[in-house]
Amino acid sequence: MAEFRGGGERPERFSGPDLFGEGGIPENVGPAMEANSRESHSMGEIPLTRCQVLIPFAAILDDLGAPSASLLSRFRLPSSLVEKADHYVPILPAIRFAEAAQRAQGIVDFGFQASREMHFGLLSEKLRTVIGHAPTLLVALQQACKWASVEDTNLKLWLERCDDRVLVCSKLAGTAGLPHLEHSQWFQLVFSIHIVRQFTGPHWSPATIAFEARYTPSIETQSCWPHSRFLSGQHASWIDVPVSYLGRSIRSNAASAPPFCEEDGPSDYEFVGLLKMMLPSYLDEGAPVLPQVAEMAGLSPRSLQRRLSQAGVSYTDLVASARFENASKRLRDTDARIVEIALSSGYTDHAHFTRAFRRMTGVTPKRFREQAQQESGLSSISAF
């Protein structure tokens with residue numbers, strides 16, 4: 001992989017539902033993302049971040065006996081952060097707070113120390129919901145790109161193809177050249193890592209962790225990532241993920257769905273899960289249309305659409321996800337012909353199945369089955 005230091009040829013960007021196109025080659029969407037970032041910032045928006053991000057910084061200071069409340073107040077940030085975890089504060093004062101506290105207390109790599117307290121369950125409910133319902137890692141990353149601004153209002157997340165890897169890139173729009181951005185960039189990077197770990201396991205780490213800032217972590221910090229190399233001064237902050245991982249499904253023991261009150265009935269997240277459990281029974285006959293599903297659920301079509309919208313999915317997405325999960329399970333667990341799997345999962349023909357499957361995973365059903373068999377063989381060998 002080339003090291004991107006502001007010059008030379010960069011990897012191709014790609015986005016959107018048909019990520020790899022018909023031939024499996026990523027679509028180059030050019031510099032539009034950065035142009036949009038500059039435009040949105042020039043319109044007078046105030047960059048905001050969730051108070052949740054500040055909680056681990058304050059906790060570290062409290063453990064050291066440092067005056068966290070007065071430091072927060074100095075930068076006009078609220079001291080009662082836990083009660084306001086899902087409220088928003090300006091990003092730039094938050095970054096200046098982190099840097100001032102690091103200098104005053106002599107904390108090495110304060111951004112990293114705080115990001116260690118982060119886990120998937122601390123992401124916003126919106127992001128946890130859409131990622132939890134993503135049928136593959138590829139779709140989860142697409143959803144993260146779409147909804148990243150829920151975490152930081154000027155956070156831009158996108159994907160770039162680089163040989164056999166995908167770079168998950170992030171940048172705070174309108175902050176180019178500002179000092180001490182490494183504190184925020186640690187959270188951006190760890191945010192992406194936790195999403196990938198929902199599909200790869202809790203101990204996965206990227207081969208490369210790259211910072212947009214001119215910053216190199218301490219040797220002690222780097223030792224916490226023994227299988228990763230660090231780069232600085234990049235065109236964006238990014239981690240790399242093998243392309244072969246994009247078709248992976250979320251692990252059964254991944255972080256749980258957002259909590260809900262049983263007295264109020266199932267949450268929108270749980271409601272979508274129940275629908276996904278029901279749909280496979282009808283796929284081989286053609287998925288029921290939305291009014292039929294609404295009738296089965298005892299709701300009006302409008303109420304069903306509202307419940308799905310609140311969970312961040314559409315009925316079309318839900319059916320596509322149910323079809324994919326049914327098909328991918330049969331590809332992994334059976335020797336059935338691919339065309340049979342396609343028809344039993346509700347796809348009209350082999351070509352329709354291949355196009356839809358490529359959108360979800362970046363590979364054909366045949367290649368997906370081969371990769372699943374290879375991983376199964378490796379798992380069997382490691383068991384001995």
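R76 counts as exposed because its relative accessibility is 77%, where exposed means over 50% relative accessible area, buried under 20% and partly exposed in between (1.4 Å probe, protein chains only). This residue lies in the loop between α3 (68-74) and β3 (88-90), and its phi is positive, about 55°, although R76 is not a glycine. D163 also has a positive phi of about 55° without being a glycine. D163 is found in the loop between β4 (155-162) and β5 (165-172), and it counts as exposed at 61% relative accessibility.

The model is predicted: local features need pLDDT of at least 70, side-chain atom pairs count only at pLDDT 80 or more, and totals for chains, interfaces and linings use all residues. Residues are numbered from 1 along each chain as its sequence is written, and side-chain values use heavy atoms, with hydrogens and water left out.

The chain has 16 helices and 8 strands; helices (H or I, at least four residues) and strands (E, at least two) are DSSP runs, numbered from the N terminus. Of its 384 residues, 52% count as buried. Among contacts with a separation of 6 or more, 67% are accounted for by residues 24 or more positions apart, a contact being heavy atoms within 4.5 Å.

Confidence is expressed as pLDDT, the predictor's confidence in each residue, from 0 to 100. The chain averages a pLDDT of 82, and 81% of the residues score at least 70. Confidence is lowest in helix α1 (residues 32-42), at a mean of 37, and highest in strand β6 (residues 208-210), at 98. Over residues 1-9 the pLDDT stays under 50, and the model has 22 contacts beyond four places in sequence for this stretch. Where pLDDT is low, the predicted coordinates should not be read in detail.

The interior can be approached through its nonpolar cores, each a set of buried Ala, Val, Leu, Ile, Met, Phe, Trp, Tyr and Cys residues joined through side-chain atoms within 4.5 Å. The largest has 82 residues, and F97 and F353 have the most contacts inside it. Helix α8 (residues 182-200) gives the most to this core, with 9 residues. Apart from it lies another core of 17 residues, among them V272, L308, A311 and L318.

F97 belongs to the buried residues of α4, which also include I91, P93 and A94. Helix α4 (residues 91-105) has 15 residues and reaches 21 Å from its first C-alpha to its last, close to the 21 Å expected; the expected span is 1.5 Å times one less than the number of residues. G106 follows α4 and has a positive phi, near 65°.

F353 touches A327, L331, I338, I341, A342, Y347 and P365, not counting residues up to four places away in sequence. Helix α13 (residues 315-333) and helix α15 (residues 350-361) pack at an angle of about 95°, with their axes 11 Å apart; axes are lines fitted to C-alpha atoms, for helices over the stretch in contact, and angles run from 0 to 180 degrees between N-to-C directions. The two helices, α13 and α15, are therefore roughly perpendicular to each other, a description that covers angles of 65 to 115 degrees. Their contact is made by A320, S321, F324, A327, S328 and L331 of α13 and by F353, F357, M360 and T361 of α15.

How values were computed
Angles under 35 degrees count as roughly parallel, over 145 as roughly antiparallel, 65 to 115 as roughly perpendicular and the rest as oblique.
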